[in-house]
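Please consult the sequence and the structure shown below.

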Amino acid sequence: MELLVPTVSDVIFKYTWPIPNYKRTISKKSSIDSPSFDVNVNGLHSTWTLSIRFWKNPDGKRMINPVVLCLNMLNCTVDEAEQAKIRFQFAVFNADVKHWEYCHVSRTILELKSYTDIISLGYRDLSIVDRHLKQNGEVVLMVKIQIIQYDSEKHNLSQDMARLLKHPYGADTKLICGDLTSTEIPVHSSVLAARSNVLAGMIKESEGTDGKSDTQKEISRSNNYPFSLDLLDLSKDVTEELLRYIYSDHVDNLDNFAPQLLSLAERFSLQGLKELCERNLIETITPENIASRLLVADEFDCYALKRASLAYCEENITVLNKSLAWKMMEQVNPELFNEICEAGIGSSRSSNMDDSELNPTTCTQN
């Protein structure tokens, strides 16, 4: 078990499962189970396994591809019952290019209590093909598990900073966001300035009354805030997630806001946030969003995201959707479009089509 990423309220664990002589193993066994492994975090002690099961075809014969990869909790011990969100993601190692191919992230809500019954939390169909086989015939599978516990009162710097944002004692800056429905959020100039030199410059410019807009002047006079920060182009939801990261190094809704937050990470020079967003975008690549991922990677110089996206294209040619994003890419970024074509994507060097023809298509190199 390897500890990956500590966050404010949760930890991510990674377990790898090497299966020697994979083809011979699945041909002889009706089911395969990994060794058990333990996850211990915040007073929660649990034991888990991965397992492989097989579908049957209409004739009742066992199918060996795709297999069904399952995540199972064997037992759990907690001091008292509590609700938790379990977030997990399967992957299989590509032996040809030596990187992990990730499945979609899955989530479930579980009432955690002490028990010894086996609980299957989820499964994923997984195709194991030649590129996954090492020279010795071994296949390596992996799962990442994140247990997010609710209503757990913790006292560390990140948690205390998050509470400071929620109850802004000593705030000296009024942040204005939300465009037409402007929202005012009290924040601390010292925290924002310490985290971002860009925000530090914006706050410094607001010092005094010179250079302030009429709205900013009025806010300063009525609320005794010496500084104001105008981010009217940002929605309230995105601004709250941005501030949550600035104060606590944590984002609650990264799955929903990663593209927007990546743009803000670049805008405000928040390298840590950029890395969080890039990792999330890599983990959530699908045939439907791969073109958008490539455009984002190119725009914000996300080299890891670009490499992962190109590799995904090469490995999933037959399931890619030729969507409007591909059409937009050809028009706004022809160099990127040509680079993808040269990598073997695109049945032609043109994505021109009627919107009604947006269907999955196979792609070959010109």
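Is Asp160 buried, partly exposed or exposed? Asp160 is partly exposed, at a relative accessible area of 37%; buried means under 20%, exposed over 50%, and partly exposed in between (1.4 Å probe, protein chains only).

## Basis of the model

This is a predicted model, in which local features need pLDDT of at least 70 and side-chain atom pairs count only at pLDDT 80 or more, while totals for chains, interfaces and linings use all residues. Residues are numbered from 1 along each chain as its sequence is written, and side-chain values use heavy atoms, with hydrogens and water left out.

## Salt bridges

The structure holds 15 salt bridges, each defined as a side-chain nitrogen of Lys or Arg within 4 Å of a carboxyl oxygen of Asp or Glu. Among them, Asp160 pairs with Arg163, with the closest N and O atoms 2.5 Å apart. These two residues lie three residues apart in helix α2 (residues 157-166), and so are separated by about one helical turn. Helices (H or I, at least four residues) and strands (E, at least two) are DSSP runs, numbered from the N terminus.

Lys23 forms a salt bridge with Asp130, at 3.6 Å between the closest N and O atoms. This pair links distant parts of the chain, 107 residues apart: Lys23 belongs to helix α1 (residues 22-28), and Asp130 to the loop between β10 (119-126) and β11 (139-149).

Ile64 is located in strand β6 (residues 62-77) and is partly exposed, at 45% relative accessible area. Leaving aside neighbours within four places in sequence, Ile64 is in contact (heavy atoms within 4.5 Å) with Ile26 and Phe54.
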